[in-house]
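This briefing goes through one chain, topic by topic, for a reader who has the sequence and the coordinates at hand. Please keep the structure open while reading the points below.

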Amino acid sequence: MDTWPAVGADIWSELVRFPGRVALLVDDRALHVARRFAELRGTTPLHVGRTLSAFPSVPTESQIRTSLFEAPVLVGTSILFDPVLGLDAARLFRALATQHPGRVIEWPISTGSSPFRWPGEDGFRAVPPALEGSLLLTARSTVFDDEVPFTLERLHR
């Protein structure tokens with residue numbers, strides 16, 4: 001039987017072994033799972049929206065990458081899908097995980113199931129190539145601290 005934090009450590013290990021692979025976290029409204037993953041790294045989740053809104057003007061992709069480079073757990077990511085930034089969020093996530101392997105990133109909407117929805121869309125779309133092979137972690141309620149607080153799915157096209 002899998003237990004926490006062993007499963008969390010296994011996921012971190014896998015993400016580090018495979019640069020470019022990310023774990024997308026969904027349905028974690030209270031950021032409970034994000035915080036638990038961050039604790040395993042001795043840090044706290046970085047809120048991307050707050051970080052980027054501190055810029056005096058629209059940040060460039062390079063500035064965004066620099067701002068997010070060292071944070072292993074990213075939350076508040078819906079800003080990255082704003083057309084004003086002109087980003088391909090999936091490609092950005094993969095690039096960050098390639099440069100600095102080991103990333104758990106909040107996906108800003110509930111997915112229901114794969115293939116998953118992109119923020120702001122009404123329909124479903126196939127997994128983008130940049131996220132193929134990544135992990136989808138869907139938060140779930142637990143009773144005991146050693147229960148795994150998510151379900152795991154591997155994303156394939």
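**Backbone, cores and buried charges**

The model is a predicted one, and its chain has 5 helices and 6 strands, which run α-β-α-β-α-α-β-α-β-β-β from the N terminus on.

**Overall build**

- Of the 157 residues of the chain, 44% count as buried, while the chain exposes about 8000 Å², of which carbon and sulfur atoms supply 52%.
- When contacts between residues at least 6 apart in sequence are considered, 68% of them join residues at least 24 apart.

**Nonpolar cores**

- In soluble globular proteins, nonpolar side chains tend to be buried together.
- The largest nonpolar core holds 25 residues, and Leu 24, Ile 64, Leu 80 and Phe 93 are the ones that touch the most other members.
- Two or more residues of this core come from each of β1 (23-26), α3 (48-53), α4 (61-68) and α5 (89-99), and α5 gives the most, with 6 residues.
- Not counting residues up to four places away in sequence, Ile 64 touches Leu 52, Pro 59, Leu 80, Leu 85, Leu 87 and Leu 92.
- A second, separate core has 20 residues, among them Val 7, Trp 12, Leu 15 and Val 75.

**Buried charged residues without salt bridges**

- Arg 103, placed in the loop between α5 and β4 (104-106), is buried yet has no salt bridge, because the nearest side chain of opposite charge, Glu 70, is 8.9 Å away, whereas a salt bridge is counted within 4 Å.
- The contacts of Arg 103, leaving out residues up to four places away in sequence, include Trp 12, Leu 15, Val 22, Ala 23, Pro 72, Leu 74, Leu 96 and Ala 97.
- Glu 106, which lies in strand β4, is likewise buried and without a salt bridge, the nearest side chain of opposite charge being Arg 29 at 8.6 Å.
- A polar atom of the Glu 106 side chain lies 2.6 Å from the backbone nitrogen of Gly 76, and beyond its neighbours within four places in sequence Glu 106 is in contact with residues including Leu 25, Asp 28, Leu 31, Leu 74 and Val 75.

**Helix α2 and its cover**

- In helix α2 (residues 32-40), the buried residues are Val 33, Ala 34, Arg 36, Phe 37 and Ala 38.
- The cover over these buried residues of α2 includes α1 (6-17), β1, β3 (73-75), β4, β5 (135-139) and β6 (150-154).
- Gly 42, which follows α2, has a positive phi, near 70°.

- Asp 27 lies in the loop between β1 and α2 and, although a residue other than glycine, has a positive phi near 60°.
- Leu 31 is also placed in the loop between β1 and α2, and it has a positive phi of about 60° although it is not a glycine.
- Which of the terms buried, partly exposed or exposed applies to Asp 27, and which to Leu 31? Asp 27 has a relative accessible area of 26% and is therefore partly exposed, whereas Leu 31, at 18% relative accessibility, counts as buried, because the cut-off for buried is under 20%.

Methods:
Residues are numbered from 1 along each chain as its sequence is written. This is a predicted model: local features need pLDDT of at least 70, side-chain atom pairs count only at pLDDT 80 or more; totals for chains, interfaces and linings use all residues. Side-chain values use heavy atoms; hydrogens and water are left out. Helices (H or I, at least four residues) and strands (E, at least two) are DSSP runs, numbered from the N terminus. Buried means under 20% relative accessible area, exposed over 50%, partly exposed in between (1.4 Å probe, protein chains only). Contact means heavy atoms within 4.5 Å. Accessible areas come from the Shrake-Rupley method with a 1.4 Å probe; for residues, only the protein chains shown count as cover. A nonpolar core is a set of buried Ala, Val, Leu, Ile, Met, Phe, Trp, Tyr and Cys residues joined through side-chain atoms within 4.5 Å. Lys and Arg count as positive and Asp and Glu as negative; His and the chain ends are not counted. A polar contact is a pair of N or O atoms within 3.5 Å; within protein, one must be able to donate a hydrogen and the other to accept it, and residues adjacent in sequence count only if both atoms are side-chain atoms.
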